[in-house]
Amino acid sequence: MEDIEHIEKEMKLIDSNGRRLDGRSFDELRPIRIEAGVLRRADGCAYIEWGGNKVLAAVYGPREAHPRHLQDPARALVQCRYNMAPFSVSDRKRPGPDRRSVEISKVISEAFSSVVFKEQFPRTSVDIFIEVLQADAGTRCAGLTAASVAIADAGVPMRDLVTSCASGKIGGVVCLDLNKDEDNFGEADCPMAIVPRTGEVVLLQMDGHLTYDEFQKAMDLSIDATRRIYEMQRDALRRRYSVTLEDILKESPPAAGPVEPEAEQPREEDFGPEGI
Amino acid sequence: MSEEIVSELMRAHVYRLASTGQRVDGRGLDEPRKVSVARAFVKTAEGSARVKLGNTDVLVGIKMSVGEPYPDTPNTGVLSTSVELIPMASPTFEAGPPRPDAIELARVVDRGIRESKMVDMERLCITPKEKVWILFIDIHVLDYDGNLFDACSYGAVAALASTIAPAKNQGLGDDFPLPVEHWPVSVTTAKIKDLLLVDPSLDEERMADARLTVTTDENGDIRAMQKGLSGSFTYEEVKRIIETAQRVGRDIRPLLQSS
Amino acid sequence: MQSSGSLRPIVIPGEAVGGPGLKPGPGTYSEGGRVFAAQLGIRNEHEGLVSVIPLNGRYIPQRGDAVIGEVVDIGPSHWLVDINSPYPAPLHATESPWRVEFGDTARYLKVGDVIMCHVLSVDEIKRVQLTMQEREARRLTGGMVMEISPTKVPRVIGKQGSMVSLIMELTGCRIYVGQNGRIWLDGDDRSAAMAAMAIRLIEERAQAVGLTEAVRELIEREKQRRRGPRPS
């Protein structure tokens, strides 16, 4: 309700200087922050803030696929469930999947299905869960981007990460990464996802009105942006596991009192695990 | 170990340790885990809080809208609580309609808040018999490591405490903070054989014979109770558990109140 | 003192890891003549093979692995054992150390029992069979069992068992590490708890340099803490 109220008369989504309502230019991404390993129970997980979006992604698997009759004897199933929390949108959403969530779940499942090494895990399922905690348009792109990190975090073998982004058209101008108002009042939105190394497109949807030329502009913007987003995904995974001895000792402050005298200290190399 | 079944070996270990007054994570029998509260986590909600109780992680969002009152309470606002055990929180949670345990959780949390009159629902009446505020408490369990009763309750209380009613949007004057008058705090105790453990961890919960959740207010008065699982308590144990709940409740209450 | 700043480089899936003359090993895949990482982990070169040692991942059973499992179901001629892997693992009565009559399986192993056993076989579609006919196999009692990520098992064991020996020596607790990430700590509750703490540290910081130091320090601190303040 409030959206319509505050964008009533023709609000200019993009002005003559190419400035959007939130101050961005046509090719600017909203601020993105990704963190891996935020939950304990899941095998892998990641949290992403993308503009006003807050999305959590988690992975279980490979694990035994249930019900049994859905098992594939030759490969793992890759199944994603995308869900929005009731409080994630301005008008409360009733709990449970709606048709939109089911469709998004399907296209994301298919995107990951093309990169996960499924044949290594017959009869199992890799279950991916995307939970939107706060929505501001582009939730499927944010969810997919986070889910990639979660799958890698879980150690599920894959060819590459998958990176996702959307572009659209507002006020006649092709722009990158539409926010909620721009999506509601713009002329087109086109989410996509690619495999960064090869450029394969594994998710592509579009609704609205774009000329062929405009579509290409939109894709170019998105593909370019995915390069930056990929770096953030990589960075999140590296940060999750990078530690030094300093960090270890910082976490447990030394107890007072003398330490018992040590026998001769063996060198670090002797204790490396086999092969490392 | 196995997701569903606690091994005999671990049961013996947990019980042995607990008999000496210690638990696997180093806590004493009467000690709850660390509680952390982050308020206003979700901007699309009128109020929200993310609470961690040990590793159990719960996000609660409060949504408010205007609608008709229930016919039998024409002058009070409507309170509706629901809990979603989302599948990412535990390998044992499946997608689908709420199971009995999710429904029980929601109803017990709701009871604690409603019966303590934490929010005076009569003040949420706009036009008697026609228009009242509707308060949705949506509890989203993100990570399950034992004791959802307390984690969900703390999340709901902390979220309500920082909720601002969107009156301006509804043309009903200025936005106002929810009128909070009482502070219910839920404390759950699990019974393993003859031992009582406060704030059970995941393993302790899976081994427990019986469980009792007691919600007390700032005066130490009892506002809600729920006994669960198929074992039983002696009357003496029930009294001890209530006294513990009053004491632990006093310690936890300040953490839930607005800073 | 070890240099505290050194990190081991982490690679992510899809990253190129190959080099001249290197063949693809575990944790990698090859495409178009080049080798790429398939998992998040640490790049490793060994005898002409480039591999990625994963930082996380489920336990995938291999023939001969020593594992610690929990009985989760019983049939008339077998037990079903949870070995923390995507695949259920049956232990046939004929592979047990006992003479089990048909239908009498519950007498020897009940649901909830913990056993040390080995992976007898894994077929092409990943069906697993267990055996308890090896020497160390038995039902476990006493002590406690903990679970770590199976990818950290080599680090907990250490080169030629050096890390696990260190912990056993410092804590006085016997430790049996299953390849599936399950570890049996056989000792009194205190020493088991100290050993568990040390193992958790290794799990969380597996690829840090100077880990041995840190483990040693952690156990010493814990012993200090338990001894209490010294009289002045």
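**Helix packing, sheets and chain contact in a predicted model**

Helix 2 of chain A passes helix 3 of chain A in a right-handed crossing, a crossing being right-handed if the near helix is turned clockwise from the far one by less than a right angle, and left-handed if anticlockwise. The structure is a predicted model, in which local features need pLDDT of at least 70 and side-chain atom pairs count only at pLDDT 80 or more, whereas totals for chains, interfaces and linings use all residues. Residues are numbered from 1 along each chain as its sequence is written, and chains are lettered from A and ligands numbered from 1 in the order in which they are written.

Helix 2 (residues 99-113) and helix 3 (residues 139-153) of chain A pack with their axes 11 Å apart, at an angle of about 40 degrees. Helix 2 of chain A is therefore oblique to helix 3 of chain A (angles under 35 degrees count as roughly parallel, over 145 as roughly antiparallel, 65 to 115 as roughly perpendicular and the rest as oblique). Helix 2 of chain A contributes Ile104(A), Ile108(A), Ala111(A) and Phe112(A) to the contact, and helix 3 of chain A contributes Arg140(A), Gly143(A), Leu144(A), Ala147(A) and Ile151(A). Residues are in contact if their C-beta atoms, placed from the backbone, lie within 7 Å. By class, seven nonpolar, one polar and one charged residues form this contact; Ala, Val, Leu, Ile, Met, Phe, Trp, Tyr, Cys and Pro count as nonpolar, Asp, Glu, Lys and Arg as charged, and the others, Gly among them, as polar. Helices (H or I, at least four residues) and strands (E, at least two) are DSSP runs, numbered from the N terminus. Axes are lines fitted to C-alpha atoms, for helices over the stretch in contact, with angles from 0 to 180 degrees between N-to-C directions.

Chain A also holds an open sheet of five strands in the order 1-2-3-5-4, with mixed pairing; two strands pair if DSSP finds at least two bridges between them. Strand 1 (32-36) and strand 4 (77-84) of chain A are the edge strands, each pairing on one side only. On average, neighbouring strands of this sheet are turned by 15 degrees against each other, direction ignored. Five bridges link strand 1 of chain A to strand 2 (residues 44-50) of chain A in the antiparallel sense, and Glu35(A) has Tyr47(A) in strand 2 of chain A as its bridge partner. Helix 3 of chain A packs on the sheet, touching strand 1, strand 2, strand 3 (53-64), strand 4 and strand 5 (124-134) of chain A, and its direction makes about 150 degrees with that of strand 2 of chain A. Helix 5 (residues 212-241) of chain A lies across strand 1 and strand 2 of chain A, at about 35 degrees to strand 1 of chain A.

Between chains, 28 residues of chain B are in contact with 26 residues of chain A. Strand 3 (56-67), strand 4 (78-85) and strand 6 (131-143) of chain B are the elements giving two or more residues to the side of chain B that touches chain A. That side of chain B has 12 nonpolar, nine polar and seven charged residues.

Chain C contains four helices and 15 strands. An open sheet of three strands in chain C has the order 13-15-14, with antiparallel pairing. Helix 3 (residues 189-204) of chain C lies across strand 13, strand 14 and strand 15 of chain C, running at about 150 degrees to strand 15 of chain C.

Notes
Two residues are in contact if their C-beta atoms, placed from the backbone, lie within 7 Å.
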